[in-house]
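Here's a quick briefing to read alongside the structure. Keep the 3D view open and find each spot as it comes up.

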Amino acid sequence: MTTTLDAVLEAFGWAGFGGAAAFGLALVVLWATDGTWLPAEGLVDHEPDGTWVRWFDDEGEANSARVDGHTAALLGGHDRADIWFRHGWRGRMRLTRRPPMRRLLAGLALGFLALGVVSTAASWVVLFVRG
């Protein structure tokens, strides 16, 4: 019984710390490739060919981007919106400062880290209780 429990706790420990490292690395890669996003006030135009957002960037140039269906639904009924645009790019905008995937990757990394810590602690408890 205890050898099976030891093996299961060992496997969960390795899986927990390995998963935390993998998702943590993915989070760092996402952060490094995301680039710099700056805030702006966008004007929302609902046109027959789609919803467009127009804004002035940090250099005073006019920019515009056609948004996808999900963003268009969020902007429905609004004529202005606080947006974030990609510094140095044209036609790139989003409604959040950070990418939505960041929260998912951080949650997975922390969850796997917790699994590794709990399974390692349980393994130590079993080791000391057994004597």
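R94 and D34 pair their side chains in a salt bridge, with N and O 2.9 Å apart. That bridge ties together distant parts of the chain, since R94 is in strand β5 (residues 93–94) and D34 is in helix α1, 60 residues apart. Keep in mind that this is a predicted model.

**More on the salt bridges**

- Side chains of opposite charge can pair when their charged atoms come close.
- Searching the whole structure turns up five salt bridges.
- Back to the pair we started with: are R94 and D34 buried or exposed? Both R94 and D34 are buried.
- D6 makes a salt bridge with R130, and their closest N and O atoms are 2.7 Å apart.
- This one also links distant parts of the chain: D6 is in helix α1 (residues 2–34) and R130 is in helix α3, 124 residues apart.
- D6 is partly exposed, at 23% relative accessible area, and R130 is partly exposed too, at 42%.
- R54 and D45 join their side chains in another salt bridge, 2.6 Å from N to O.
- Salt bridges with shared partners bring D45, E47 and R54 into one network.
- R54 counts as partly exposed with a relative accessible area of 30%, and D45 is partly exposed at 28%.

**The nonpolar core**

- Which residues make up the largest nonpolar core? There are twelve: A40, V44, V53, W55, A65, V67, A72, L75, A81, I83, F85 and M93.
- β4 gives the most, with three residues.
- Zoom in on A40: leaving aside residues up to four places away in sequence, A40 touches W55, F56, A81, D82, I83 and F85.

**Helix α3**

- Helix α3 covers residues 100–130, which is 31 residues.
- At 1.5 Å a residue, α3 should span 45 Å, and its end C-alpha atoms are 46 Å apart, so the two values agree.
- Which residues of α3 are buried? They are L105, A109, G116, S119 and V126.
- As a handy rule, an α-helix has 3.6 residues a turn, so residues three or four places apart point the same way.
- Just past the end of α3, G131 has a positive phi of about 90°.

Definitions and conventions: Residues numbered from 1 in each chain as written. Predicted model: local features only at pLDDT ≥ 70, side-chain atom pairs only at ≥ 80, totals over all residues. Heavy atoms only, no water. Core = buried A, V, L, I, M, F, W, Y, C linked by side-chain atoms within 4.5 Å. Buried < 20%, exposed > 50% of the residue type's maximum accessible area, 1.4 Å probe, protein only. Helix = DSSP H or I, 4+ residues; strand = E, 2+ residues; numbered from the N terminus. Contact = heavy atoms within 4.5 Å. Expected span 1.5 Å × (residues − 1). Salt bridge = Lys/Arg side-chain N within 4 Å of Asp/Glu carboxyl O.
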